[in-house]
Amino acid sequence: MEKLDPVQFLDDLNRRAEAGGGDERLRRQREAGKLTARERIDLLFDAGTFEEIDKFITHRCRDFGMSEQLIPGDGVVAGHGRIHGRLAYAFAQDFTVFGGSLSETNAAKIVKIMDLAVKMGAPIVGLNDSGGARIQEGVLSLAGYADIFLRNTLASGVVPQISAIMGPCAGGAVYSPAITDFTVMVKETSYMFVTGPDVLRTVTHEQVTKEELGGAMTHNEKSGVAHFAVESDQECIALIRELLSFIPNNNLDDPPRSAAPADDEARSAPLESIVPASPNQPYDMRDVIEAVVDEGYLFEVHEHFARNLIVGFARLAGRPVGIVANQPAHLAGTLDIDASVKGARFVRFCDAFNIPLVTFEDVPGFLPGTVQEYGGIIRHGAKLLYAFAEATVPKLTVITRKAYGGAYCVMSSKHIRTDANFAWPTAEIAVMGADGAVNILYKRELEAAADVAAARAAKITEYREKFANPYIAAERGFIDEVIRPRDTRAKLVAALAALDTKRDRNPPKKHGNIPL
């Protein structure tokens, strides 16, 4: 009998592992507009830095003819490498091997990666493309999901977790991405749902496609489950790499800083006239943000969901910051259920990972109506209040125009431990808008007036001059300074530098009870 060459055997095993489910299945993967698991990993990490673990692992199932189907790697590629020169861990499910289904062994492989990431203090990136639990393994595959969910939960707030949905993700599998910090979906090729269209047709008689039920835009616009929607696998990987450039490797590190760009004063000049004379006229808060942050660039998160609130990452003098801003161009910038949840989640992420928060405020209040009240706006609005109040990172706020009622308190006001609060001369800080306030305060006078319209207009002007301006709040110390709009960037940069060594903490406790 010819002696087996160990080097040749190793080379053959490597080839089998890297071949995935075989040439035909790899071809079908690419024809569907999707990259293979290894191609995705190669794009994610800096060239030549990826180190794979458990490359030769195989499943342990010996039933249902599975003993003849042993593929090294067992449907998931996992390991660590460098992204922008910084350590990161990742796993990529391989749809060409058993449909990327989760087995006992590849769940253990994912769990190993997650444990290592927490131990080393490095981000975890999951590239999901799986048909779900491997049915042949029964409860063992379900146990694998639960093991992953536990690691997601324990890693939350310790290391950043990013999920990319690059194919199917259904049933129990959806809960791992749901626990992670950010979810990216690829249009046309990815979907997420707990229960698929076929079951819905049978049980509820609803007629719906996969795309309508759980496609990228469904979860970006309607449910808010996903944070980003991209056109291709390549764009998905590029977005993940850019996202990681704003955030630290773990909860003990500071965000990575870059060189501060030269200030461009010309970008700040339009701020002097950006707020319309009429308090009811909209403007785009993105124009304000882009005139203030480095190079006018905002990396927006949850762009398509709850568009009355803007959240995202930017840099000020090279330092990453989290931006939270009311958007007067949509629903007048009011806070509703979706905006409150969107903002609270983002604020808590920034606080967990030492990213300063900068708030741009123009909020007339919470969105009124029975839909909001029945939906629990009180509870959901309290989430945003809780998140801002709980946050101990440097917090800065700029009030550009309206700051009315409870929404003024919620949007990172001085009263909930915000460090630096600025207001433009156009700011209106009051219990409510002048129109509503006058109707209550001067009701009898107006009813007795000969010319009600003229009397009402005079009272509105008087109210604005006496109460709805930033100087009353400044007299009380609730606003640190009333500033010229064009000075906003300089003031924020200086305040951020002064807060560089800030140390704050909450009372000792196991954890708070945020109103979920």
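The model is predicted, with local features needing pLDDT of at least 70, side-chain atom pairs counting only at pLDDT 80 or more, and totals for chains, interfaces and linings using all residues. Residues are numbered from 1 along each chain as its sequence is written, and side-chain values use heavy atoms, leaving out hydrogens and water.

Let's start with strand S11, residues 309-316. Strands here are DSSP runs of E with at least two residues, and helices are runs of H or I with at least four, numbered from the N terminus. Eight of the eight residues in S11 are buried (under 20% relative accessible area, with a 1.4 Å probe and protein chains only). In a regular strand, side chains alternate between the two faces of the sheet. Both faces of S11 are covered, with Phe313 among the buried residues on one side and Ala314 among those on the other.

S11 and S12 form a hairpin with two residues between them, and Ala317 in the turn has a positive phi of about 55°.

Now for the helices. H13 (residues 337-352) and H15 (residues 377-390) pack at about 20°, their axes 8 Å apart (axes are lines fitted to C-alpha atoms over the stretch in contact, with angles from 0 to 180 degrees between N-to-C directions). That angle makes H13 roughly parallel to H15, a term for angles under 35 degrees.

Note on methods
Angles under 35 degrees count as roughly parallel, over 145 as roughly antiparallel, 65 to 115 as roughly perpendicular and the rest as oblique. Buried means under 20% relative accessible area, exposed over 50%, partly exposed in between (1.4 Å probe, protein chains only). Two strands pair if DSSP finds at least two bridges between them.
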